[in-house]
Amino acid sequence: MTVDWLRQMVGLAQPMFGVINDTASSSTLYALAAAREAQSDLRIRELGMAGRPELPRLRFYASTEAHSSVEKAGIVLGVGKDGLRRIPVDERFRMDPVALRQAIHEDVAAGIRPFAVVATAGTTSTTSVDPVPAIAALCEQHGLWLHVDAAYGGAAAIAPELRWVLDGADRADSIVINPHKWLFTPIDCSVLWTRRPDVLRGAFSIVPEYLTTTDGSEQDAPNLMDYGTSLGRRMRALKLWMVIRYFGTDGLAQRIREHCEYASMLARWVDGERDFELLAPAPLSVVCLRAHPPGLDDPGTLDTLNQRVVERINTGGRFFVSHTKLHGVYAIRVAFGNLRQDQRHARGVIAALRGAIDDVG
Ligand SMILES: *Cc1c(COP(=O)(O)O)cnc(C)c1O
């Protein structure tokens, strides 16, 4: 019931099977296991992948900005790091669907079997949103499993004006949203929905005698051990139920909206500052920026300067900012997402950035 509330709150129109896992890393691994299972003629569940010269190489696709958990899933599933082809992004860090189409064609021509695409709605570094409708069309055309990684960004869709972050996601075979990211739910709580629960179950279900039950059919009460690697599990739904009941849809939307406003406020300030610059658009609650005083253009020097700004701010203890690299450039990454953040923190982090560059610059 709780995962279905969340589905409705983020505007996914069709009822879907949902299950709570510990993390998005697990949810994505399970989704990709289902994607591999969907290539049923390969009989990988029965025969494995080793020592089978007749087995084609398998490949799946995600952008260069996709999360490391996607690559890790490929390693665990036996397709290797090489089984993931990274697709380039545009200047706003979104997957280029033309490059994706070309990659699929090249691979098919080379005798490789494509099986899935992971689109990201809210990338970790910059919160960019891949063009899911265009990617979905390619997946439908080529019979590929589409998994949407909306671990962080999906929560934004609770606010009607941000619902666009999940455009096209109802065409996906699976989608993950983490309430423990931006929905104020204590870690761990990751929701995986799929339109093809039969395939997910086909990948994982195995019922020895001591786990058989007589009370009710799969229809009445799906047995969650059949949808992933865990047999035992905690009741993670309770804390999410509590959050939804306490804040309500509007209350959650309002807090998400405020976080995005703080990010916009910071981005506007950076834009107007001589000594700072934005390094990516800030569509949600994360701002990527760096100090770039006029006349200081050596890349190495700028990276070092910005590392020192981050250290300076973080050792202050009032703020914790993280960092990333964008096109090889060191970027300071400021994320809003805490329940207790308000305008004062947004103004405070601006003052801290200003102060840090005066100190280390
Ligand atoms: C945080 C994040 C993940 C990993 O989430 P875990 O729940 O810690 O495994 C995956 N993808 C994206 C886009 C994320 O932001």
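M9 is located in helix 1. The model described here is a predicted one. Because its relative accessibility is 6%, below the 20% limit, M9 counts as buried. Beyond its neighbours within four places in sequence, M9 is in contact with A157, I158, R163, I244, T249 and L252.

Helix 1, which spans residues 2-9, lies across strand 1 and strand 7 (190-194), and its direction makes an angle of about 75° with strand 7. Both strands belong to an open sheet of seven strands, ordered 1-7-6-5-4-2-3, in which the pairing is mixed. The edges of this sheet are formed by strand 1 (17-21) and strand 3 (84-87), each of which pairs on one side only. From one strand to the next, the twist averages 20°.

Within this sheet, strand 2 (residues 58-63) and strand 4 (residues 113-120) run parallel and are joined by five bridges. For Y61, the bridge partner in strand 4 is V117. Helix 5 (residues 97-109) lies across strand 2, strand 3 and strand 4, and runs at about 150° to strand 3.

Helix 4 (residues 68-76) contains the buried residues S69, V70, E71, A73 and G74. The cover over the buried residues of helix 4 includes helix 2 (24-37) together with strand 2, strand 3 and strand 4. After helix 4 comes G78, which has a positive phi, near 85°.

Strand 10 is joined to strand 11 (residues 329-335) by five bridges, and the two strands run antiparallel. K325 has Y330 as its bridge partner in strand 11.

| Helix | Strand | Angle |
|---|---|---|
| Helix 1 (residues 2-9) | Strand 7 | about 75° |
| Helix 5 (residues 97-109) | Strand 3 | about 150° |

**A nonpolar surface patch**

M1, M235, L238, W241, M242 and Y246 make a nonpolar surface patch of about 750 Å². One of these residues, W241, is placed in helix 9 (residues 237-272). The relative accessible area of W241 is 33%, so this residue is partly exposed, a class that lies between the limits of 20% and 50%. M9, by contrast, is buried at 6% relative accessibility.

Terms used. Residues numbered from 1 in each chain as written. Predicted model: local features only at pLDDT ≥ 70, side-chain atom pairs only at ≥ 80, totals over all residues. Heavy atoms only, no water. Pairing = 2+ DSSP bridges. Helix = DSSP H or I, 4+ residues; strand = E, 2+ residues; numbered from the N terminus. Axes fitted to C-alpha atoms, helices over the stretch in contact; angles between N-to-C directions. Contact = heavy atoms within 4.5 Å. Patch = residues over 30% accessible without salt bridge, like charges linked within 9 Å, V, L, I, M, F, W, Y side chains within 5 Å. Areas by Shrake-Rupley, 256 points an atom, 1.4 Å probe, with all protein chains shown as cover. Salt bridge = Lys/Arg side-chain N within 4 Å of Asp/Glu carboxyl O. Buried < 20%, exposed > 50% of the residue type's maximum accessible area, 1.4 Å probe, protein only.
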